[in-house]
Amino acid sequence: MTNHPTLSARAEEMRLRLEAIYPRAACQGVDTNMFFPPVGRGLNAATMMKLCGPALKVCASCDVRVECLEFAREFHQLGIWGGRYFGDRKEGKINVEDIS
């Protein structure tokens, strides 16, 4: 039998990791809705950039982008984390380097 952490232990681990990252994050005080755009399959690149661009600009100036990205990958988060878009649990092709 494999030793898996309980749900509450995993939630506590997530909380502690976020508490370590957030005080240094550029997204403090920003409307978090921008990091969870209503995107879907079949949208063209221009529409995706319009929806994701504002959040990616915040990420571009962030000192904890790497830690945020690692958090999203480890805990399977959706939305924009660390300058990358994650949708349907797959890392998207839109990232902070795509914005001008």
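## Basis of the model

The model is predicted, with local features requiring pLDDT of at least 70 and side-chain atom pairs counted only at pLDDT 80 or more, whereas totals for chains, interfaces and linings use all residues. Residues are numbered from 1 along each chain as its sequence is written, and side-chain values use heavy atoms, with hydrogens and water left out.

## Overall architecture

The protein chain contains three helices and three strands, arranged from the N terminus in the order α-α-α-β-β-β. Helices (H or I, at least four residues) and strands (E, at least two) are DSSP runs, numbered from the N terminus.

Of the 100 residues in the protein chain, 32% are buried. Here buried means under 20% relative accessible area, exposed means over 50%, and partly exposed lies in between, using a 1.4 Å probe and protein chains only. The accessible surface of the protein chain is about 6,800 Å², and carbon and sulfur atoms contribute 56% of that surface. Accessible areas come from the Shrake-Rupley method with a 1.4 Å probe; for residues, only the protein chains shown count as cover. Among contacts in the protein chain with a separation of 6 or more, 55% join residues 24 or more positions apart, a contact being heavy atoms within 4.5 Å.

## Helix α2

Helix α2 spans residues 45–60 and has 16 residues, yet its end C-alpha atoms lie only 19 Å apart, short of the 22 Å that a straight helix would reach at 1.5 Å a residue. The expected span is 1.5 Å times one less than the number of residues. A kink of about 50° is located at Cys52, shortly before the proline Pro54; the bend at a residue is the angle between axes fitted to the seven residues ending there and the seven starting there.

Cys52 is also one of the buried residues of α2, a group that includes Met48, Gly53, Ala55, Leu56, Val58 and Cys59.

## The β1–β2 hairpin

β1 and strand β2 (residues 84–87) pair in the antiparallel sense over three bridges, where pairing requires that DSSP finds at least two bridges between two strands. The two strands form a hairpin with two residues between them, and Gly82 in the turn has a positive phi of about 60°. Gly79 stands opposite Phe86 in β2.

## The loop between α3 and β1

His76 and Gln77 both belong to the loop between α3 and β1. Most residues other than glycine have a negative phi. His76, although not a glycine, has a positive phi of about 55°. His76 is partly exposed, with a relative accessible area of 49%, and its C-alpha lies 10.0 Å from that of Gly87, eleven residues apart in sequence.

The side chain of Gln77 reaches the backbone oxygen of Phe75 at 2.9 Å. Leaving aside neighbours within four places in sequence, Gln77 is in contact with Met14, Phe71, Ala72 and Phe86.

## The loop between α1 and α2

Asn33 is found in the loop between α1 (7–21) and α2, and Pro38 is placed in the loop between α1 and α2 as well. Asn33 is exposed, with a relative accessible area of 56%; Pro38 is exposed, with a relative accessible area of 71%.

Gly79 provides a reference point for each of these residues. From C-alpha to C-alpha, Asn33 and Gly79 are 9.5 Å apart in space and 46 residues apart in sequence. For Pro38 and Gly79, the C-alpha to C-alpha distance is 9.2 Å, with 41 residues of sequence separation.

Technical notes
Polar contact = N/O pair within 3.5 Å; in protein donor to acceptor, adjacent residues only side chain to side chain.
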